[in-house]
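Biologist: Please take a close look at one part of this model. I would like the charged contacts and the helix packing beside them described in turn.

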Amino acid sequence: MSDFSTWYNQVPPFTRIWLSATVGLSLVAKFGIIPLEYLILQYSPLLYKLQLWRPVTAVLFYPLNPGTGFHFMMNCYFLYNYSLRLESDHYKQKPGDYFYMLFFNWFLCVIIGLLIDLPILMDPMVLSVLYVWCKLNKDVIVNFWFGTRFKAMYLPWVLLGMNMILSSGSIFSLLGILVGHAYYFLKFIYPSELGGPALIETPFFIKRYFPDVHGGTHGFGVPPVGQRPVQQQQAAARHAWGRGHTLGRD
């Protein structure tokens, strides 16, 4: 138990809260403590009955049954791994920026979910975060099932293809890719490569509540791996993450 407590307390705060709320809320619904119809995203109860919690619970909740348990565990795996990596590396000194990224992705997921009537948004939210990490580390080699290896930039599309073949969840994957790309483009590509204004800037009150951490060698201002000089890319490839992680393996 002490080992679990030590591990749990070492998980970065936003990742820890997100993962805990996802597992906890899904189990609460599984055991019937809260009816699942109160947790999904629906336009009428949200607007006319002011059930304002639905946009949040729709991202955290996932229905658990014998047919969805494995998919839920995979989502939790992706959530933990890629949220932890972003929060502990690229956003290590900018916790407010990471919170704002989560907020931006959540907001877009909810808006699109309302427009096209998607009641459960865990899949696109998790994939949007995975997509951002993959774009920021696009040249890192990741290991996939059956010993396949490829660059991280292809991982979201591999997952999309798997969902198209193995399930009917491809719309959720497409939505996650769309949301993640919207953030990455507006935050990195548009201002730095196209010379446009910075359209995604963390509001001052978030910065005040989650202040920047000064000192150390990590910084959010470090450009994505694919945009660094070759020497820096090679150094990044020697980082522990450069070995990748085998997906779907405990």
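Modeller: A salt bridge here is a side-chain nitrogen of Lys or Arg within 4 Å of a carboxyl oxygen of Asp or Glu. The side chains of Lys94 and Asp212 form one, at 2.8 Å from N to O. This pair links distant parts of the chain, 118 residues apart. Lys94 sits in the loop between α5 (69–90) and α6 (95–116), and Asp212 in the loop between α10 (204–209) and α11 (230–237). Helices are DSSP runs (H or I, at least four residues), numbered from the N terminus.

The model is predicted: local features need pLDDT of at least 70, side-chain atom pairs count only at pLDDT 80 or more, and totals for chains, interfaces and linings use all residues. Residues are numbered from 1 along each chain as its sequence is written, and side-chain values use heavy atoms, with hydrogens and water left out.

Now accessibility. Buried means under 20% relative accessible area, exposed over 50%, and partly exposed in between (1.4 Å probe, protein chains only). Lys94 is partly exposed because its relative accessible area is 24%. Asp212 has 23%, so Asp212 is partly exposed as well.

Next, Lys207. Its salt bridge with Asp97 has the closest N and O atoms 3.1 Å apart. Again distant parts of the chain are linked: Lys207 is in helix α10, Asp97 is in helix α6, and 110 residues separate them. Lys207 has 22% relative accessibility and therefore counts as partly exposed. Asp97, at 7%, counts as buried.

Lys207 also meets Asp212 in a salt bridge, at 2.9 Å from N to O. The structure holds four salt bridges.

Now the packing of α5. Two packed helices are described by the angle between their axes and the distance between the axes. Axes are lines fitted to C-alpha atoms, for helices over the stretch in contact, and angles run from 0 to 180 degrees between N-to-C directions. α5 and helix α7 (residues 122–136) pack at about 40°, with axes 9 Å apart. That angle makes α5 oblique to α7; angles under 35 degrees count as roughly parallel, over 145 as roughly antiparallel, 65 to 115 as roughly perpendicular and the rest as oblique.

Contact means heavy atoms within 4.5 Å. Among the contact residues are Phe72, Phe78, Leu79 and Tyr82 in α5, and Val126, Val129, Leu130 and Trp133 in α7.

Note on methods
Helix = DSSP H or I, 4+ residues; strand = E, 2+ residues; numbered from the N terminus.
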